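Subject: Structure handover and findings

Hi,

Here is the structure for you to open alongside this email. My notes follow below it.

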Protein chains: 2
Amino acid sequence: MNTLSGKRIAVIGSGAVGCYYGGMLAHAGRDVHFLMRSDLNAVQKNGLTIFTKGEEIKLSPVKAYESTEEIGPVDLVIIALKTSANAAMEKLLPPLIGPETALLTLQNGLGNEEFLAERWGAERVMGALCFVCINRKEPGVIHHLDHGSISIGEYNRPVSQRVKTVVAAIKAAGVESRAVEMLAQERWRKLLWNIPFNGLSVAARANVAEVLADESLRTLSRSLMNEALDAARLLGHTIPDDFADHQINRSYSMGDYKASSMIDFEMGRPVEVEAIWGEPLRQGIKAGASMPRLEALYAIIKHLDSQRPETK
Amino acid sequence: MNTLSGKRIAVIGSGAVGCYYGGMLAHAGRDVHFLMRSDLNAVQKNGLTIFTKGEEIKLSPVKAYESTEEIGPVDLVIIALKTSANAAMEKLLPPLIGPETALLTLQNGLGNEEFLAERWGAERVMGALCFVCINRKEPGVIHHLDHGSISIGEYNRPVSQRVKTVVAAIKAAGVESRAVEMLAQERWRKLLWNIPFNGLSVAARANVAEVLADESLRTLSRSLMNEALDAARLLGHTIPDDFADHQINRSYSMGDYKASSMIDFEMGRPVEVEAIWGEPLRQGIKAGASMPRLEALYAIIKHLDSQRPETK
């Protein structure tokens, strides 16, 4: 895959992240097909609007569908579902998959590439980390607040031509992107932030500024980072000593930012419990790490998540 | 003090616990003076009612007061305030205290005897642990559900004559009671249960049955007990190995019981953060214990408690 020009692309999970990256690719002329649920009618009627960097990008008409059967086989599936909805992929993905179809997961945490690889073959799978502050306040309207960079890599393999192709297409769409050689290591680096800040946003109902202003929570967030750092190193990843400090320090500029898990929890939506806390805990413990604080945080969040009315 | 007959007794903090123990003593003929706030009018009008063991005990009139100035010096002050209201004692206690006045705290957790000793002298201070399931659904009406035993000891001294006197008076009032030689050790034994079960009732919103039914929470509760057990031993207390197992096993019979902290939290009242989690953590760490799960639990509960509207 040397170019995405003329290739068929499907976006599964059309929340803020899927609409932003898919929308920017479509705006740049790529052939993007969106699977939509709650936003379908609004987007078919009014198109997709992205407010980014002081600019309003309007896409209309948008190729939006109610089912993946209507989309049919594509060259690339971009997966932006919440990890808590992974089970839905068993039915959603097969209609999209042809002999050469590549899968790119933009999902949070650990276990997502493995989920895809077990079902549709490791050779199809790429993963990406999105560093973006974004939200969707009404159907079909995306507010891109800050950052946007997306790091893309192969699953357990070095950077390939197709990774370079996707990175180039995203850059051409005006979004920062880079290829990463060691995707799993990048995931652990991102988890160093997500484990404490998403975690305490749910367990202690504290936004970023509140975690940093509360001495006990700030100390705990740093201790949780150290547990993740130890686990990542036991798993063979290289993360420098000052990376955890850097993660704390850069958080001060975020102010009252609410981690995505906090918004999910407040809205009564599933929290990504296994991808962000459960799977890192299991992998860390298997590698011999001691993660008592993460064990406590995971148990608390898992129980809180289980109390949503729809899961009772 | 060889008898409580003819002695003046004050009860400060007339919630369920204060009304139950004070009410039973008054019913047995002791001279008990209650400081009351929200319940004062109802109790002055209708007296105090205790439903216990299938019996309805009616006390009327009740010696209930709006201030401790009206009560004046007494021989024994029974303190049943929530520990989160300890600061109020600076003003409440002085009018009650004469040269020989003894202080008996029925409060939860650690630090309460120390609070009294620092302000009014260690020689006055006794402490007690109440093992009782009790509630107050309307002003002046106490429902005694189960148990009731109260263990009483001196603060950092062996059992004295006055401890025996109070124990005897409580027994004579029909309530199980015993003298304990090592009060601090008894407090740690009780904390082995309160730290996990009260803690997870707030942090994970789980009652006793829910903690036990959730494998991750049950494992965490046991790990929290082990941390407390190690700390207690480093502090010189003797707690047998099987005591934590015993605490888990006895909890199965409690069913959907909500720990007092859960009720406080749900009602928007202060949670006893420092007495149950903060002070044990500080004492344990000072003694060289490793308490990472308690550290996490404490930080989370402290922050949740700080978010009550009245504390913001």
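Start with A:Pro61, which sits in the loop between β4 (55-59) and β5 (64-65) of chain A. Helices (H or I, at least four residues) and strands (E, at least two) are DSSP runs, numbered from the N terminus. A cis peptide bond joins A:Ser60 to A:Pro61, with omega about 0°. In chain B, B:Ser60 and B:Pro61 are also joined by a cis peptide bond, with omega about 0°. B:Pro61 lies in the loop between β4 (55-59) and β5 (64-65) of chain B.

Some ground rules. This is a predicted model, where local features need pLDDT of at least 70, side-chain atom pairs count only at pLDDT 80 or more, and totals for chains, interfaces and linings use all residues. Residues are numbered from 1 along each chain as its sequence is written, chains are lettered from A and ligands numbered from 1 in the order written, and side-chain values use heavy atoms, leaving out hydrogens and water.

**The two chains**

How is chain B superposed on chain A? A rotation of 180° with 0.1 Å of shift along its axis does it, at an RMSD of 0.1 Å. That is the relation of a two-fold axis. Of the residues of chain B, B:Arg293 comes closest to the axis, its C-alpha at 2.6 Å. The copies meet through the same surface, because 100% of the interface residues of chain B are also interface residues in chain A.

**Strand β7 of chain A**

Buried means under 20% relative accessible area, exposed over 50%, and partly exposed in between (1.4 Å probe, protein chains only). Two strands pair if DSSP finds at least two bridges between them. β7(A) pairs with β6 (residues 74-79) of chain A in the parallel sense, over 5 bridges. It also runs parallel to β8 (residues 125-138) of chain A, with 3 bridges. A:Leu104 is the bridge partner of A:Ile78. A:Leu104 also stands opposite A:Met126 in β8(A).

**Helix α7 and what follows**

In chain A, α7 (residues 183-203) has 21 residues. It reaches 28 Å from first C-alpha to last, close to the 30 Å expected at 1.5 Å a residue. That expected span is 1.5 Å times one less than the number of residues. α7(A) bends by about 35° at A:Leu191. The bend is the angle between axes fitted to the seven residues ending there and the seven starting there. 19 of the 21 residues of α7(A) are buried, so the helix is largely enclosed. A:Arg205 follows α7(A) and has a positive phi, near 55°.

In chain B, B:Arg205 has a positive phi of about 55°, although it is not a glycine. B:Arg205 is buried at 18% relative accessibility. B:Lys53 also has a positive phi, near 50°. B:Lys53 is exposed, at 68%.

**B:Asp39**

Is this residue buried or exposed? B:Asp39 counts as buried, at 4% relative accessibility. Its place is the loop between β2 (31-35) and α2 (40-46) of chain B. The side chains of B:Asp39 and B:Arg136 make a polar contact of 2.7 Å. A polar contact is a pair of N or O atoms within 3.5 Å; within protein, one must be able to donate a hydrogen and the other to accept it, and residues adjacent in sequence count only if both atoms are side-chain atoms.

Best wishes

Conventions
Least-squares fit on C-alpha atoms with pLDDT ≥ 70 in both. Contact = heavy atoms within 4.5 Å.
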